[in-house]
Amino acid sequence: MARRGHHLAEVALLASASADLAAAGAGEREGWLDDPAVLPSLGPRACALAVASAARSVLVIVPVAGGGGGGVTVSPELEADEGRISAVEWVPLAGADDAEGEDGVAVALGTDAGWLLFYSLAGDLLHKQSIYPSKILKLNFRERKENVWEDSGSDELSIVFPGVIARFDGADLQSVLQKSFQDVKSRLWKDKFEEQDAGGEDSFGRIHFQIWNVSKFGSCTDAAIVGLMPPPLLELQSSQRHYCSITVGEDAVVSAYRLSEDRSRSIVGAILSRGVAATFSTISSLSKILWRSEPSPPKKSRPKPQSFAKTSPLTCLKDSPRKGERLTLSPSGTLAAITDSLGRILLLDTRALVAVRLWKGYRDASCLFVEMLLTKDKSSSSSMHIEYTKSDYCLCLAIHAPRKGIIEVWKMRTGSRLLTIPCPKGSRILQPSARLSSSSFSSSYSPLEVYLFNGDSGQLSVLNRHVG
């Protein structure tokens, strides 16, 4: 246990949040966090912990500071055809230097009927939108600040469905959410937002997004947009952007697609959608006046799904009975760790689309990339505060093997195992969706960290970045 204490540093003991977390199933049985219907997510800079329960369709947000006291429980007012919670993710509302406290983050919820909702830390509904009529498997917000030497695109929120993936541009999303947050905070539109919480998508409008069909090689259980890629040979002069997407599933362990951005819909489509909606509303009002018909309660109808943009399949790996289960990306998107149903972990180079490493004997494992401090010269030379740079850190892969009760840390790409850390049952490894500097005046690099949350004890710990 001393070894575990050496490599794990306690961040908070969320014992005081047990009453709030009970709404999501905490304390009902030992190992409640192992339930796949329980969806935990850690906020930027570990500011707060969000735990959603798919079975109860409830979201609990507890601040990490102060031991989790003052939590908020949100029960989304969803219609029967809007489904139940199936995914949760944090979304920064501002830049890395401005995202502080309640003003800087929102919690995104996805439902098993394809609806997307955003809430503030206070539990106020900021936005609600229909994406695609299917279960949202995963929400993933990614920062695009790693590849500073090339155009790697903007921050994004990707939404994964079985065989479908959608993408929100981070700037478009954050602009709308910031405005909604300020409206809620100022209470100038209080009556409007009270109606919106129970209302449909028409009350909020729509945020532009792109959506693609990635089911050429079979439906997927997980997917990710890894970054921009070159256009096809015959379209070298095109200004259109192309993304590379990696999917995993039952029919194909791993597949790759080129996703073409449909720019025509971003401007013209937005204008037409708003213009047609306004025209239809005006005509309906005039017809009621002319015919003097009795007002009837409006029947809510789901918006028609957006048409798919162009998708080009690149390659796939089929190896029956092996099935792909989970997918996690490195910060730059150049590496992907893929777990499968046979207990193997595949390390994929997403640019060359080749496997570079394979681990065996890790059933039910989950993986997260982490940056470890391997340079000992600075840490041992002086007791003064040291400013570390990106070059001082090494990219590693943290593998949580719950059947073995351990966390292993392996050096990328082909390095040795650096650490083996015992961990209790009923724990999950978590990672903030965004890395935000602790101060706008600090030039210190913020490394990618991995946290361990023990649901039974309420202990939240961070993996010590120093090795040795």
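A residue is called buried when its relative accessible area is under 20%, exposed when it is over 50%, and partly exposed in between. In the predicted model described here, both W359 and W410 are buried by this criterion. Buried residues account for 51% of the 468 residues in the protein chain, and the chain contains six helices and 28 strands. When contacts between residues at least 6 apart in sequence are considered, 61% of them join residues that are at least 24 apart.

The aromatic residues were examined next. A pair of aromatic rings is described by the distance of the centres and the angle of the planes. Eight aromatic pairs are found in the structure. One of them is formed by Y132 and F161, whose rings are arranged edge-to-face, at 5.5 Å centre to centre and with 70° between the planes. Because Y132 belongs to the loop between strand 9 (125–130) and strand 10 (138–142), while F161 belongs to strand 11 (residues 156–161), this pair ties together parts that are 29 residues apart in sequence. The two partners can also be described by their accessibility: Y132, with a relative accessible area of 21%, is partly exposed, whereas F161, at 0% relative accessibility, is buried. The planes of the W359 and W410 rings stand at 70° with the centres 5.9 Å apart, and the pair is therefore edge-to-face. Since W359 is located in strand 21 (residues 354–359) and W410 in strand 24 (residues 406–411), parts that are 51 residues apart in sequence are tied together by this pair. Ring pairs also link Y132 and F161 with F308 into a cluster.

The charged end of K128 sits over the ring of W115, at 5.4 Å from the ring centre, and the charged end of K404 sits over the ring of Y362, at 4.1 Å from the ring centre.

Among the strands, strand 6 (residues 85–92) was considered in detail. Eight of the eight residues of strand 6 are buried, so this strand is largely enclosed by the rest of the structure. Strand 6 runs antiparallel to strand 7 (residues 105–111), and the two are joined by seven bridges. Within this pairing, V88 has L109 of strand 7 as its bridge partner.

Note on methods:
Residues numbered from 1 in each chain as written. Predicted model: local features only at pLDDT ≥ 70, side-chain atom pairs only at ≥ 80, totals over all residues. Heavy atoms only, no water. Phe/Tyr/Trp six-rings, centres within 6.5 Å; stacked < 30°, edge-to-face > 60°. Helix = DSSP H or I, 4+ residues; strand = E, 2+ residues; numbered from the N terminus. Buried < 20%, exposed > 50% of the residue type's maximum accessible area, 1.4 Å probe, protein only. Lys NZ or Arg CZ within 6 Å of the ring centre and 35° of its normal. Pairing = 2+ DSSP bridges. Contact = heavy atoms within 4.5 Å.
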